[in-house]
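Morning, everyone. I have one structure to go through today, and I will keep it short. Please have a look at it first.

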Amino acid sequence: MRYSRKSAGILSLLLLFNSIGMNACGQATAETGHVSISMTGMENTPVINYTVPTLTPNVLVDQQGYAAVGEKQAVVKGRQPVETFRLVDRETGETVYEGTVKQTDYNGELSLYIGTADFTDYTGEGEFYLECDNVGRSLTFSLKEDHYQELLEALCTDVHDRCQDRSITEDEIITLLEACEWYPQVLADDNGNDIPDLLESIADWLEKNGQRHRKAGTGEHVLRGGDGKIQLSVPEI
């Protein structure tokens, strides 16, 4: 995998945050579900009841997008082995990259051949889709230079809002504190006080939901969660 140290830290953070219910990477399955539609008459008597299959594409990509520079892979499935794929610019319809589907194996449970389309070597930006003969195309996705940074900023904004409206849980706060400890270098500090903004949001949440005590002789405050699971020492802000 070709990631810079900063990008690797951001990606690790996104994976960690995913454990509190945030979808950083976007997932798709090879299964087919059904949506039930019911039509009623004027007297609310059902007259039609049928299911419409919801189909997933045979070329599965990360719908959140990819970093332009970094590993980029998709899953290709079909009743017959798929040999090649094309990366197509959505706006122009031009094929900008072609490659070979690799590591194709037969999945007996799904009765499908499943392989990997790797387009890491292409580093352009824009909106694209992958296309394969016989099995069709993927959903559209983006390639951006600062893709993971944008995802992290959006996620931190969401966490801040959840701290403000007190909808975040203490278990989730513990996960976020681990993130602050492991990867402080990738977290924003917009007010320049050497405290990650995310940590300040957590301190605000603790103050509203727990107890605040001054630590004698240190100029710091100890914040404790309501059930005592979290204790955080922070300087006066």
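Of the contacts in the protein chain between residues at least 6 apart in sequence, 53% link residues at least 24 apart. Keep in mind that this is a predicted model. The chain contains four helices and 15 strands. Of its 237 residues, 36% are buried. The protein chain exposes about 14000 Å², and 45% of that comes from carbon and sulfur atoms.

Now to strand β6, residues 84-89. Five of its six residues are buried, so the rest of the structure largely encloses β6. What does β6 pair with? One partner is strand β7, residues 95-100, which runs antiparallel to β6 and is joined to it by five bridges. In that pairing, V88 sits opposite T95 of β7. β6 and β7 make a hairpin, with five residues between the two strands. In the turn, G93 has a positive phi of about 75 degrees. Strand β10, residues 126-132, also pairs with β6 in the antiparallel sense, over four bridges. There, D89 stands opposite F128 of β10.

Last, helix α3, residues 170-182. Why should its 13 residues span 18 Å? Because each residue counts for 1.5 Å, and the expected span takes one less than the number of residues. The end C-alpha atoms of α3 are 18 Å apart, which agrees. As for burial, the buried residues in α3 are E170, E172, I173, T175, L176, L177, A179 and C180. When you look at that list, recall that an α-helix has 3.6 residues a turn, so residues three or four places apart point the same way.

That is it from me.

Technical notes
Residues numbered from 1 in each chain as written. Predicted model: local features only at pLDDT ≥ 70, side-chain atom pairs only at ≥ 80, totals over all residues. Heavy atoms only, no water. Buried < 20%, exposed > 50% of the residue type's maximum accessible area, 1.4 Å probe, protein only. Pairing = 2+ DSSP bridges. Contact = heavy atoms within 4.5 Å. Areas by Shrake-Rupley, 256 points an atom, 1.4 Å probe, with all protein chains shown as cover.
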